[in-house]
Structure formats: C-alpha cells, structure tokens
Amino acid sequence: MIDLSGRDFLTTLDFSPEEIRGLLSFARDIKSGRVRPALEGKVAALLFFNPSVRTRTSCESALARFGGTAIALAAGKDTWNFECREGFVMDQNTQEHVRELAPVLSRMSHFVGIRKSELVTVGLDKAQVTGDYAELAKDEFIHRFCEFAEVPVINLESNRWHPMQGLADSLTMLEKLGDPRGKKYVLTWTWHPKSLPVATPHSQLLSAADLGMNVTILRPEGWGLEPEVVRRARQRAEALGGSVSETDDIDAALRGAHVVCAKEWGSLDYYGRFDEEQAAKAPLRARWIVDVPKLEKTDDAFFMHCLPVRRNVVVSDGVLNSNRSAVIDQAENRLWTAAAVFGALARR
Amino acid sequence: MIDLSGRDFLTTLDFSPEEIRGLLSFARDIKSGRVRPALEGKVAALLFFNPSVRTRTSCESALARFGGTAIALAAGKDTWNFECREGFVMDQNTQEHVRELAPVLSRMSHFVGIRKSELVTVGLDKAQVTGDYAELAKDEFIHRFCEFAEVPVINLESNRWHPMQGLADSLTMLEKLGDPRGKKYVLTWTWHPKSLPVATPHSQLLSAADLGMNVTILRPEGWGLEPEVVRRARQRAEALGGSVSETDDIDAALRGAHVVCAKEWGSLDYYGRFDEEQAAKAPLRARWIVDVPKLEKTDDAFFMHCLPVRRNVVVSDGVLNSNRSAVIDQAENRLWTAAAVFGALARR
Amino acid sequence: MIDLSGRDFLTTLDFSPEEIRGLLSFARDIKSGRVRPALEGKVAALLFFNPSVRTRTSCESALARFGGTAIALAAGKDTWNFECREGFVMDQNTQEHVRELAPVLSRMSHFVGIRKSELVTVGLDKAQVTGDYAELAKDEFIHRFCEFAEVPVINLESNRWHPMQGLADSLTMLEKLGDPRGKKYVLTWTWHPKSLPVATPHSQLLSAADLGMNVTILRPEGWGLEPEVVRRARQRAEALGGSVSETDDIDAALRGAHVVCAKEWGSLDYYGRFDEEQAAKAPLRARWIVDVPKLEKTDDAFFMHCLPVRRNVVVSDGVLNSNRSAVIDQAENRLWTAAAVFGALARR
C-alpha cells in the first residue's frame, strides 16, 4: 500500500508518475473492497471558499465510510476573513492570519483541505478579480497555509490546480481503457458564459500525460493553457512514450481519439479583460460545443467532463445521455481517489 | 424487521397501510432500544433548499447514533444552482442538471434526502413564487431527481408532501392513544402572517387516515386542502373503518375530539394572489387560533403541531405550556421515525 | 474521572475550583492518551449565531475522535429565527420559540452548544446592538434555553462568558508553569478597530484566578471589566492565595510577569456610543499594542491570546513569531478541554 505519509497534495506534479500510479492502484483496491484506508478516528478540516458538490461529498463520504470525519467550513461565512500577506497591519477587513489559522487547524485535525479559486462563482455571478493571471497562479493562500501547517494539506481546487479531479480522471481512463499508453486523449476547450479557471484542465492534462497517452489540447488560438504546465505535461508524457500537442483543428484532433474530455476555460491572454474576451469568443460558441456528430468523428471515444456541466452549452444532451458518456463513473471515482489520498497521506 | 430496501420515500401514499404500520413498529423498536437499524458506514447526502431544525437534526442524529453519517448541503450556497428542465440550453443562472446531480450524489452516498419547498422562507421573507399551485404540486425537482438517482431518495418536504412529519405524527398518536382506530382527529387550519405550504397538512391528514381514525379537516371556506389528497386519505381511512370529513364549524369539529392538530396553510384558491389572501384571511385570525377554551370543548384531546410554531398567533401559550401539548414528543418522534426510514430503505 | 453529569457549562464560575481542576486533569489525561472520554454514539447540536474557527473545529473534532458527532447549525441561515421573549405574540420576524427549540434539540441530541454574542461580527461589519450592556450581560437567550433544555447546555461564547476559552487557557498555564500558584498573570487590554465583547477576558480572568495566580488587569481608565466579575475573580484567587488588581500602569504591570495575555475589548462605559469610544481610544492604539520591547520588561513571560488576532494591531509579528508565543498550544488545548467538558457532562 502506498505511503505518502505527511506529504501535501497540492498538484499531481509534485508526485512522481510511480507515486501517482501507486495512488491509483490504492484507489482501485479501495473501490473493489480489497483494502480499507486507515482513517478510523481521523478528522479533516475542509475549508471552502467556493461552492462544491463532488469535492465536498466525495471527501466527506470517503472519510465517513472508513471511520473518519470531515468538518466543512465555508470561509468568511462560518469563519472569519483570512489574511496571508506577510507583515500586514491587520486593521482592515481580515481578522485571522494563516500564520495562526494553519497551525491551529493542524492541531484540531489530521488533514486540511482547501478550495480557493478566485474565478469560481455560483450561477452567472461575476468573479471579483484584480491583478493578473501570474499573480493568481501563485496560489498564495494555500502555499502560505502549507508553510505553517503541521498536517498534510490537500488542494481541493486552487487557481492553478485541481489534483483531486486529475486523479479521478486517471482512474476512469485506466478502468475504461485498460492500458492507456499510446491511446489518443483530446482535451477540448468549449464555450461558456463565464471565464472559468484553468485549474481543472491543467490537472486533466496531467492526468492523461501521466498515463503515457498521446494528448491533444484542442482550443482556439488565444485560449491556450499555461505554457509552463504544457511543457511539464509534455515532459512527463514523453518519458512514458506519450506526447502532448496543441491545435485548433477540430477535425484533425478528433480523428482517432479514444477519449474526449471537454472543459470550458477562460483565456489567459484576455485575463482581466473579461468583457473583451466575451466578445471575442462569442463566434466560437456553436462551433466548439461537443455534440454527437463530433463524437462520431473519433475512434469510438468516450466522453469525459469534470462536472458541473452546462448542458447544450458545453456539450449536447445527445452526448451526455448516450452510453459514450463516462461523466458519472468519473465523478464516482472522486470518492475512491479521495479515499486513497486521505489514506496515503495519513500519518502513521 | 420491515424491508423497503431501495425504495424512495416521497409520500406515505406510495406505501400500503401495512408498510406504514411496519415502519412505525420498526420505529418503536428502535426507540425502545430493542433493535438497531443497520446504518453502520452508511452515508446520506441531505440537500436543503430551505431552512430546517427538526428535519436536519433528526436525520443527522438518527444516522450518527447508529454509525452512519449525514452530509448536509445548503443548495445554491454550498453548491451550484440546479436545473431540472429537460432539453434546456443552460446558459443562464443554473449550472448543474439533475441528470448529473442525481446519479453523482447516488455514487457518493447511500441515500439522498431533499427539502425543496417554494413557499418556505425564514422570518417574514416573501416566497418568490411564479406559476400556479398545480405546477408546484408536481414537485418536479424531486421527481426528476428520483428518475436519475440510483439510491433511495427521501422527501424532507416538498411542495405537496412532508412524509417524515406524517410518520412521526402517526407514531405519536399510536403512543398516546394505544389503538387510534375510530378515535376523532381534528386537523385545524390557523391564521399565519404568510401563506404556508400544504405539504405538512397533506401528510398529517394521511397520518391519521392510515391509522383508521375519524378525521375532521376544520378550515374556513376557501382554505381546503387539495381535493385529490382528501379523496385518497378518505379512501384509506374508510378501508380501515375510519372517515374523513371537512367543515368550517369549529364547535362541531372539536366536540368529541381526541386529537387536535393545528396547522397554518395558504389557500389554494388564492394561490398566486397572496395580498388578496392576506386581506381575506385577516378577519379569521382571532377566531381560528387554538387556545385553552377551544381545547376544553374536546374529549380531553391532546394537542399536536409540527413546529416551528408562532406562539400566540397559531396557538396560545396556554395550550403549548399545558400537559395537553404533545409537540415535544411529536418532534422527538421525528428522530425515531427517521432512523426507521433510513434503516428500512437501506440496500442490503 | 470527574463526573459533572447532566450539568450545564455556562461559566466556569458555576463550578468550584476543585471541579475546574478536575476538568483540567481530565483534559490532560485525554491529551496524553491515558483516558478516552465516553462519547461513543453521542450527538451534540451546536448552534452558531456567530462565526467560529476554534470553537467549532475543537468541538467537532473532540466528538469525532471519540466516536461522537456534532451537528453544526448556523442560526437564522440553516434554521428559523428564534424568539425567547415570554408571552410574545409571534407575528413578526421570529418563527420558533426557545420553549420549543430547547426541548426539541434536547430530544435530538445529548448536548447542545450555543454561541450567541451580539457584538461579534465578521471583518469590519458593525454589530447591530440596541440596549445597554446590563441587558446584554443577562445572556437571555442561553439562559432561557437552559430553562427548557433537557440535556447539558454548553456556552460556546455568550455576551458575558467564554468558559471553553477559559478552560483552555488554564490548561495551557498548567502545562507551561507547572504550579501556577503565586505566578504573575497580566491580562492586558489592546486597541482594536471594533468594540469587541468582554466575554473572553472575563473567562480569561477567571482562568488565572482559579489557578491561584497574582492577576493584574492592565487597561486604560474607562476600559475596566465588569466590576462584579472582577470581584468574583478576586474572591476565588484570594481563596487560593492569589490576588486580582487593576492598573493602567503598563511598566509596573509587566514587571515580574510570567504570563502576558492580550485581549481587545470594548468599553462598558462607552457601551452603545461606539463612535465616541472610537475617538476616545484612537490615541491608545500605539501605546497598548503588545510588542517585543514590552515582553522584554517581563520575567521571561510567555504570550497568550485567544485568537483570532489582528497582527500588528493587537500584537506585533515579533511577539507572535517568537518562541515566547503560546497561542498555538493554547488553541490546541481548546480541543482537549472540549473533549473533557463533553466527557464530564455526558449523562451516564
């Protein structure tokens, strides 16, 4: 059984492909009932700055099934407002510094999970974002938190990464494809009324790269993922005999695909100029939706999406209601991979 | 021990009177400590679109006492906004469709509980309702959810039904009356500053009908319950030797009553014209409150109310503070009947 | 093992110094792993009218580690609005009376915890307070709740007391000082942008008095604590050979101190005239912050604060980042003292 005891889980990139495979194998064993993660009496504090369905229920359920307990806190509602700037004179709107918050939650619990993404909102609410993407991508809060935490910290989605999603995606592909090495994985951008974060597609890109797949990032010009992340994914894919390429040629991308994973995300180029981006992407809406005719261009690919998904905007009912959709199995795997992560990181 | 394994619990009407009696007997055995429902390691996701005290604490406590766990989610706050319209192009304010939500929560948990009532609000806040009652009474969300769920779904109060309350009421009457058959049960309307839903009185009506009681629905003209529900309740009561009648004659109704159950609800006739209803019901306020003189007209009846109750509006302090009030025992029975429902529906 | 079975825990003043010592000894034994509190299958309903980090996670974690479960409810959000006025005609904004709420939560759970402080808000939000301090200090809601509750009620912070903090502070001093009798404890007021409650300093004052320490309350003229509380603390301190004095002489107070506990609180004299207080205390800000030069005037004192703390407003980074700061250990002790309180109050 894999032992990552005491480590943080901030991005799958922090783990070797062997460690990722170890986690996935542990998750499969938990799912099949062959092993139980040692979570009896373990407590996780889960700090949510954003809404959640799958992340929260998968983590809470994973702990509960194996004797542990989650304490879910809505940051700034159930709690105080948090500060992470160093040396700041805290006479404004923040009341508690991560220098206290992190060790305190560490003393109360065996794990801390944090979801903090500046671009995620409910409904059509606009995100209140200032600064540029480079600033956001630092994920300052969670990194500062880790600096002062005394227990494993788990990233439940930051601005740059959503590693719990990445793991679940990998497990799903392992289950559906057997040996995914050399299979073609297409990560396709889709239109969305808002400018969503790149955290999930970053981790999804890695989920396929770490399985040694041939990855195609299919996106319009101007909507590329972070170049450094693509570079790292390519490096890891190639080490396993896979590849990573980028294109805006939809037909070429879909040809021969074994997996189509759709994801809507905002442009890093237009970052901070959301109204301009809206205008620029309006003409792309119809052409980039994933529908049945598109799926028929593939090599009988199955369809993935992290959920929630806006039906008939990102993907058509036809695809989601068909037996090519893997989205429910994919979501279920959030549960088993969460159990594996908690079990593997737990201090012995 | 009753086995309703895998069934949904949306309304007591979906169960035969024998099954209801089986659930009640199971609840009594749990309450007395004779049996434990098999809830070890079971997880329930509880989705609250409305506030809750009894429903939430009874479900959470019922699970916790027997080794299970509840995950309570405030819909639209902790979560995304949900959609249930078929074929809808989701580019508006909703982000997740029940076609995904239902199977996903099913994979994460062993039960899903849902409270979704369009007319329930905190304080004096007005409900935001459009459409007519017939539309609301379809309880579209929960039915659509069930269609796509893979685990038992429990109705924690919809627009039309509140079956968990109904069961607790039945248990309370069994305890207080021994054999309730042929005893007189009065369900009396009372004035309230808002137009509250008919879900609870519907399920309360059935709670007495399914015990074979002689039921009198006491309400002003214009505030009748849904005719189809009354018809079904009458059918079930008569099959057990009981009856269901309706009247606005307070004195006649109270004469010989063994149980007085008060409930405030909005008029279906005035539905959607709440201001008109307010004006029309203003003169009824003083006359319809349940007070001690009224209770004295009965055959030593005990008093029931589902709670929360507006004191000295719906019922007087005198009644609630007297030993004729059964409201606390009734609320406690929410716990034991919830344990019975979870235990009976659990997949083996 | 101490047995306070069935008692409420509203203020440490309700317990004899021997009982307090018994609780502290129980907490130490739990912390060291020598004993486990008997919390298997126990359920606590925790009602939060205010935000919380330490209180909520310490209570939830204490229960979870030993087989119990917490149900945390955000009052007025997850629940209805509550009323506690006797004889009130409830046709306004409140929907549920403590006369129902208290017995109902009692039937659902084995403990009820309540945090209700009118002066606590998130960020810089102003508290909505009417009436005077004497009114607030009655803590009417929690006392009324206790009157109708059937299980132990635990004060998670009221307007007048924060006994769970007091216990944790005592445990921390026992651990750091060995025998605290006769040691010098300074409770120092500090400036803060808002007018915070006196509940915590009241309970902190008692935490040192009940250890027989020599207590100095260091505060500007006009910011004294409630005289009756100071009198009771003095009485208890003196009975154990300690003392309680008050001063605004910072240097004299710090000289020879073994513990410096900082707390920001609002003036009872200015109560209800918060803007005037703001103006009056503005000149005090710089002089009253706890910084390294101040700590150097002590007898190698360690530093305490209940948290959350506004860094560089109440206390400097230099103090908090130094090895003289005990704030994290102090926060951790919230967990072990909470476990002791639940364990000791539990009905056998």
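Q: In this predicted model, where a residue is buried if 20 or more other C-beta atoms lie within 10 Å of its own and exposed if 12 or fewer, is B:Ser117 buried or exposed?
A: B:Ser117 is found in the loop of chain B that runs between β5 (111–115) and α4 (133–136). The cut-off for a buried residue is 20 or more other C-beta atoms within 10 Å. B:Ser117 has 22 C-beta neighbours inside 10 Å, and it therefore counts as buried.

Q: Which residues does B:Ser117 touch, not counting residues up to four places away in sequence?
A: B:Ser117 lies in the loop between β5 (111–115) and α4 (133–136) of chain B. Setting aside residues up to four places away in sequence, the residues that B:Ser117 touches are B:Asn50, B:Glu157, B:Ser158, B:Asn159, B:Pro197 and B:Ala199.

Q: Which element gives the largest share of the side of chain C that touches chain B?
A: Between these two chains, 29 residues of chain C are in contact with 30 residues of chain B. On the side of chain C that touches chain B, at least two residues each are supplied by β1 (43–48), β2 (69–74), β4 (96–97) and α3 (98–108) of chain C. By class, that side of chain C has 12 nonpolar, 11 polar and 6 charged residues. The largest share of it, 8 residues, comes from α3(C).

Q: Which residue does a cis peptide bond join to C:Leu307?
A: Most peptide bonds are trans. In chain B, the bond from B:Leu307 to B:Pro308 is cis, with omega near 0°, and B:Pro308 lies in the loop between β11 (302–304) and α13 (317–320) of that chain. In chain C, the loop between β11 (302–304) and α13 (317–320) holds C:Pro308. With omega at about 0°, the cis peptide bond joins C:Leu307 to C:Pro308.

Q: What is the phi of C:Glu157, a residue that is not a glycine?
A: Most residues other than glycine have a negative phi. C:Glu157 has its place in the loop between β6 (153–155) and α6 (163–177) of chain C, and with 27 C-beta neighbours inside 10 Å it counts as buried. Although C:Glu157 is not a glycine, its phi is positive, at about 125°.

Q: What is the phi of C:Asp139 near?
A: C:Asp139 lies in the loop between α4 (133–136) and α5 (140–148) of chain C. With 22 other C-beta atoms within 10 Å, C:Asp139 is buried. C:Asp139 is a residue other than glycine with a positive phi, a value near 45°.

Q: How are α2(A) and α14(A) oriented to each other?
A: The axes of helix α2 (residues 54–65) and helix α14 (residues 327–345) of chain A come within 8 Å and cross at roughly 50°, and the crossing of α2(A) and α14(A) is right-handed. The residues that make the contact include A:Arg54 and A:Ser58 of α2(A) and A:Ala331 and A:Arg334 of α14(A). By class, the contact of α2(A) with α14(A) has 8 nonpolar, 2 polar and 2 charged residues. The orientation of α2(A) and α14(A) to each other is therefore oblique.

How values were computed:
Residues are numbered from 1 along each chain as its sequence is written. Chains are lettered from A and ligands numbered from 1 in the order in which they are written. This is a predicted model: local features need pLDDT of at least 70, side-chain atom pairs count only at pLDDT 80 or more; totals for chains, interfaces and linings use all residues. Helices (H or I, at least four residues) and strands (E, at least two) are DSSP runs, numbered from the N terminus. Two residues are in contact if their C-beta atoms, placed from the backbone, lie within 7 Å. Ala, Val, Leu, Ile, Met, Phe, Trp, Tyr, Cys and Pro count as nonpolar, Asp, Glu, Lys and Arg as charged, and the others, Gly among them, as polar. Axes are lines fitted to C-alpha atoms, for helices over the stretch in contact, and angles run from 0 to 180 degrees between N-to-C directions. Angles under 35 degrees count as roughly parallel, over 145 as roughly antiparallel, 65 to 115 as roughly perpendicular and the rest as oblique. A crossing is left-handed if the near helix is turned anticlockwise from the far one by less than a right angle, and right-handed if clockwise.
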